[in-house]
Amino acid sequence: MRPATAGAALLTALRGGLVVSCQAEPGEPLDAPIHMTAMALAARAGGAVGVRAKGLAEIAAIRAAAADLPLIGLVKRGRHGVYITPTVDDAIAVAEAGADIVAIDGTDRHRPDGRTLAETVAAIRHRSGVMIMADVASEAQALAAQDAGVDIVSTTLAGYTEPDPPPPGPDLALVARLARTLSVPFAAEGRFATPQQCAEALRLGAHTVVVGTAITRPSSITARFAAALRQEHP
Ligand SMILES: CC(=O)N[C@H](C=O)[C@@H](O)[C@H](O)[C@H](O)COP(=O)(O)O
């Protein structure tokens with residue numbers, strides 16, 4: 001069981017810093033533990049205070065390569081409904097793979113194991129000392145996750161639970177609202193594409209900022225540059 005002081009120290013380590021999400025989608029060229037480990041080490045070399053990683057093999061590999069790097073872990077099961085660490089068993093597997101914090105879906109949608117968010121948090125706590133991050137899409141979900149007893153909330157799912165495609169930029173309005181209403185710390189996450197947007201999230205009151213695509217998805221980064229050139233030379 002993790003002592004409470006260790007959890008507090010971990011949150012302190014994340015405060016005011018950048019967490020880099022190192023994830024590749026199935027079929028992408030970098031979708032392998034060795035590549036995600038290299039990404040994580042590169043992120044740490046660049047000043048990241050922590051890493052967010054998907055997949056049990058990736059989490060274990062990153063933990064083996066960087067014993068003291070704060071590590072937020074998750075698994076994804078599909079891409080619809082509740083797909084981020086959807087069950088208690090998934091969360092325990094993520095913890096056992098070496099994550100310090102397990103990121104779980106923090107919405108009020110139906111979970112595959114039929115548990116509510118509060119039941120999920122209680123069951124994880126019963127079986128593990130891992131810290132829990134709730135990935136939410138709204139202020140109401142963030143408050144419910146806080147009531148359920150999570151250690152930290154993240155705006156990960158903002159823009160991803162509606163039928164419409166997400167807007168291009170991050171949801172800074174949600175960041176501002178969470179800063180006013182939440183008492184647990186929260187991460188600003190989702191579509192942060194510039195250092196200025198990250199700094200703004202911290203100014204608004206986020207505890208930490210998580211950036212993935214803009215740093216660790218070379219295909220997406222290349223596509224942005226290539227699209228800009230095509231505009232000049234269609
Ligand atoms: C919505 C969802 O499933 N988000 C996932 C959560 O782990 C990842 O695919 C994102 O890359 C991560 O949240 C970081 O966000 P961005 O890549 O936009 O910086």
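What follows is a working chat about a predicted model of a protein chain with a ligand.

Q: How many helices and strands are in the protein chain?
A: In this predicted model, the protein chain has ten helices and eight strands. Its radius of gyration is 17 Å, close to the 17 Å that the globule rule gives for 234 residues, so the chain is as compact as a globular protein of that length.

Q: And what box do the C-alpha atoms fill?
A: Taken along the principal axes, the box is roughly 60 × 40 × 35 Å.

Q: What percentage of the 234 residues is buried?
A: Buried residues make up 42% of the 234. As for the contacts between residues at least 6 apart in sequence, 60% of them join residues that are at least 24 apart.

Q: Which residues have the most contacts inside the largest nonpolar core?
A: They are V19, V51, A99, V102, I132 and V209, in a core that has 63 residues. Helix α4, which runs over residues 88-97, gives this core its largest share, namely five residues. As background, nonpolar side chains tend to be buried together in soluble globular proteins.

Q: Which residues of α4 are buried, then?
A: The buried residues of α4 are V88, D90, A91, V94, A95 and A97. They pack against α3 (56-65), β3 (71-74), β4 (101-105) and α5 (117-127).

Q: What comes just after α4?
A: Just after that helix is G98, which takes a positive phi of about 125°.

Q: Is T85 buried or exposed?
A: T85 counts as buried, because it has 28 C-beta neighbours inside 10 Å. R191 is partly exposed, because 19 other C-beta atoms lie within 10 Å of its own.

Q: Where does V20 lie, and is it buried or exposed?
A: V20 lies in strand β1, residues 18-22, and it counts as buried because it has 25 C-beta neighbours inside 10 Å. With neighbours within four places in sequence again left aside, V20 is in contact with A43, A48, V51, V211, I215 and T216. The C-alpha atoms of V20 and A53 are separated by 8.6 Å, and these two residues are 33 apart along the chain.

Q: Changing topic, which residues are closest to the ligand?
A: The closest are S21, Y160, R191, G212 and T213, among 15 residues that surround the ligand. Both β8 (208-211) and α9 (213-216) supply at least two residues of this shell.

Q: What classes of residue are in that shell?
A: The shell around the ligand has seven nonpolar, six polar and two charged residues.

Q: What about α7, which residues are buried there?
A: In helix α7, residues 172-181, the buried residues are L174, V175 and L178. These residues are on the same side of α7, because they cover an arc of only 105° around the axis. An α-helix has 3.6 residues a turn, so residues three or four places apart point the same way.

Q: Which residues are exposed on the other side of α7, and what covers the buried ones?
A: On the other side of α7, A173 and R180 are exposed. The cover over the buried residues of α7 includes α6 (139-148), β6 (152-154), β7 (186-189) and α8 (195-204).

Q: Where is T194, and is it buried or exposed?
A: T194 is in the loop between β7 and α8, and it counts as exposed because it has 12 C-beta neighbours inside 10 Å. The C-alpha atoms of T194 and V211, which are 17 residues apart along the chain, are separated by 9.2 Å.

Q: Last one, where is P234 found?
A: P234 is found in the segment after α10 (218-232). P234 is exposed, because it has 5 other C-beta atoms within 10 Å.

Definitions and conventions:
Residues are numbered from 1 along each chain as its sequence is written. This is a predicted model: local features need pLDDT of at least 70, side-chain atom pairs count only at pLDDT 80 or more; totals for chains, interfaces and linings use all residues. Helices (H or I, at least four residues) and strands (E, at least two) are DSSP runs, numbered from the N terminus. A residue is buried if 20 or more other C-beta atoms lie within 10 Å of its own, exposed if 12 or fewer, and partly exposed in between; C-beta atoms are placed from the backbone. The arc is that of the directions from the helix axis to the C-beta atoms. Two residues are in contact if their C-beta atoms, placed from the backbone, lie within 7 Å. A residue is near a molecule or strand if its C-beta atom, placed from the backbone, lies within 6 Å of it. Ala, Val, Leu, Ile, Met, Phe, Trp, Tyr, Cys and Pro count as nonpolar, Asp, Glu, Lys and Arg as charged, and the others, Gly among them, as polar. A nonpolar core is a set of buried Ala, Val, Leu, Ile, Met, Phe, Trp, Tyr and Cys residues joined through C-beta atoms within 7 Å. The radius of gyration is taken over C-alpha atoms; the globule rule is 2.2 Å times the number of residues to the power 0.38.
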